Amino acid sequence: AFALGPGLSQVPETQGLIRTLVKESTTSLVIDADGLNAFQGHLPELKNLKAPAIITPHPGEFARLFGIT
């Protein structure tokens with residue numbers, strides 16, 4: 001498995017790289033923290049991945065990712 005997220009930053013270029021890595025990965029993924037933050041506003045990109053993925057948001061990350069309170 002490939003884990004990504006904590007400490008990666010919320011710099012737009014880094015977030016784009018994260019989304020590309022997740023989209024192109026053929027290895028199982030665990031996505032947390034800044035890995036999840038990269039998909040805020042880009043949630044549909046988590047559909048139809050090439051590999052299985054587990055997301056591990058805490059309540060705040062979940063709310064940001066899904067645009068809810």
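Q15 counts as buried at 15% relative accessibility, where buried means under 20% relative accessible area, exposed over 50% and partly exposed in between, computed with a 1.4 Å probe on protein chains only. Q15 is found in helix α1 of a predicted model, in which local features need pLDDT of at least 70, side-chain atom pairs count only at pLDDT 80 or more, and totals for chains, interfaces and linings use all residues. Residues are numbered from 1 along each chain as its sequence is written, and side-chain values use heavy atoms, with hydrogens and water left out.

**Overall fold and dimensions**

- The protein chain contains three helices and three strands, these being DSSP runs numbered from the N terminus (helices: H or I, at least four residues; strands: E, at least two).
- Along the sequence, the elements of the protein chain follow the pattern β-α-β-α-β-α.
- The radius of gyration of the protein chain is 11 Å, close to the 11 Å that the globule rule gives for 69 residues, so the chain is as compact as a globular protein of that length; the radius is taken over C-alpha atoms, and the rule is 2.2 Å times the number of residues to the power 0.38.
- Taken along the principal axes, the box filled by the C-alpha atoms of the protein chain is roughly 35 × 20 × 20 Å.

**Surface, contacts and charge**

- Of the 69 residues in the protein chain, 29% are buried.
- The protein chain has an accessible surface of about 4,200 Å², and 60% of this belongs to carbon and sulfur atoms; accessible areas come from the Shrake-Rupley method with a 1.4 Å probe, and for residues only the protein chains shown count as cover.
- Contact means heavy atoms within 4.5 Å; among contacts in the protein chain between residues at least 6 apart in sequence, 62% join residues at least 24 apart.
- The 5 positive and 6 negative charges of the protein chain have mean positions 8 Å apart. Lys and Arg count as positive and Asp and Glu as negative, without His and the chain ends, and each charge is placed at NZ of Lys, CZ of Arg, CG of Asp or CD of Glu.

**Nonpolar core**

- Nine residues form the largest nonpolar core, namely L4, I18, V22, L29, I31, L36, A38, F39 and L65; such a core is a set of buried Ala, Val, Leu, Ile, Met, Phe, Trp, Tyr and Cys residues joined through side-chain atoms within 4.5 Å.
- The elements giving two or more residues to this core are α1 and β2 (29–31).
- In soluble globular proteins, nonpolar side chains tend to be buried together.

- Not counting residues up to four places away in sequence, Q15 touches S9, Q10, N37 and A38.
- With the same exclusion of residues up to four places away, A38 touches Q15, I18 and R19.
- L21 also lies in helix α1 (residues 12–24), and at 36% relative accessibility L21 counts as partly exposed.
- The C-alpha atoms of L21 and K50 are separated by 11 Å, the two residues being 29 apart along the chain.

**Helix α3**

- Helix α3 (residues 59–66) has E61, A63 and L65 as its buried residues, and their cover includes α2 (34–37) and β3 (53–55).
- E61 is buried, with a relative accessible area of 7%.
- Residues up to four places away in sequence aside, E61 touches D32, A33, L36, N37 and T56.
- E61 and N37 are 24 residues apart in sequence, with a C-alpha to C-alpha separation of 7.1 Å.
- G67 follows α3 and has a positive phi, near 65 degrees.
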